[in-house]
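The stops below are given in the order in which to select them.

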Amino acid sequence: MSNQASKATLNKQVLEFNVAQQLKQQGGAPRAFVIEDAVLPFMDADLVLLAPLSGLIKLIKTDTGILVTGTLSTVLELPCTRCLAPVSVAVSMEIEETFTPRVDIVTGGKLSQSPDVDATTLISEQHILDLTEVVRQSLYLAQPAQILCKEDCLGLCPQCGKNRNQVQCNCTEETIDSRWADLLALKNKMTD
Ligand SMILES: [Zn+2]
Ligand SMILES: [Zn+2]
């Protein structure tokens, strides 16, 4: 029984790393992972990946845990700031985060955590370092402040909401010029 689709899904990388052996070592060389087609095991409505995550991730043993560094890239589908049309945006993220173990790798005993520890950077009791949540948060930070479907996007009409790139509406521009508004305010003040 061969099923191409499910096979492809199984071959997808997830951003989880077993760090049991590395936690037992005293320092040692960083482990490097080439990420070619990683996927996120969830779907955020406002986080649409048009391409798998790719890049290089390095895991380095430190005194307190595992330092993760690296760069990941993907393509996001984001709405145009002016007209909300979907736009493909290539994004790149620098990752630098220290993960600490929940349990002692030798004794298996629970390690005490400081009260302000971020649960997303804790290594599981099965010694799995899950980078998913860190990457998810980085994907939001990596988004540019302004996204335009085209440089001269006309945006949505503020009155009828129609996309002015597609239709020419008959709304009249009745916005009050801010300088005129200032003059009106001054005039009202003087006649008081
Ligand atoms: Zn636009
Ligand atoms: Zn209009």
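## Confidence and layout

Colour the chain by pLDDT to begin: this is a predicted model, with an average pLDDT of 87 over the protein chain and 84% of the residues at 70 or above. Select residues 1-10 next. Their pLDDT stays under 50, and the model has one contact for them beyond four places in sequence.

Now switch to a cartoon of the whole protein chain. Four helices and eight strands are present, and their order along the sequence is α-β-α-β-β-β-β-β-β-β-α-α. Of the 192 residues, 11% are buried. Among contacts with a separation of 6 or more, 54% link residues 24 or more positions apart.

For a specific pair, show Arg31, which stands opposite Leu59 in β4.

What joins β4 to β5? A hairpin does, through four residues. The pairing of β4 with β5 is antiparallel and covers eight bridges. To check one position, pick Ile57, whose bridge partner in β5 is Gly70. While the side chains are displayed, recall that in a regular strand they alternate between the two faces of the sheet.

Centre on Leu131. Leaving aside neighbours within four places in sequence, Leu131 is in contact with Leu15 and Val68.

## Pro86

Finally, select residues 86-101, strand β6, and within this strand Pro86. Is Pro86 buried or partly exposed? Pro86 counts as partly exposed because 14 other C-beta atoms lie within 10 Å, whereas a buried residue needs 20 or more. Beyond residues up to four places away in sequence, Pro86 touches Glu77 and Pro79. Then draw a distance from the C-alpha atom of Pro86 to that of Cys149: the separation is 7.5 Å, although these residues are 63 apart along the chain.

Key:
Residues are numbered from 1 along each chain as its sequence is written. Chains are lettered from A and ligands numbered from 1 in the order in which they are written. This is a predicted model: local features need pLDDT of at least 70, side-chain atom pairs count only at pLDDT 80 or more; totals for chains, interfaces and linings use all residues. Helices (H or I, at least four residues) and strands (E, at least two) are DSSP runs, numbered from the N terminus. A residue is buried if 20 or more other C-beta atoms lie within 10 Å of its own, exposed if 12 or fewer, and partly exposed in between; C-beta atoms are placed from the backbone. Two residues are in contact if their C-beta atoms, placed from the backbone, lie within 7 Å. Two strands pair if DSSP finds at least two bridges between them. pLDDT is the predictor's confidence in each residue, from 0 to 100.
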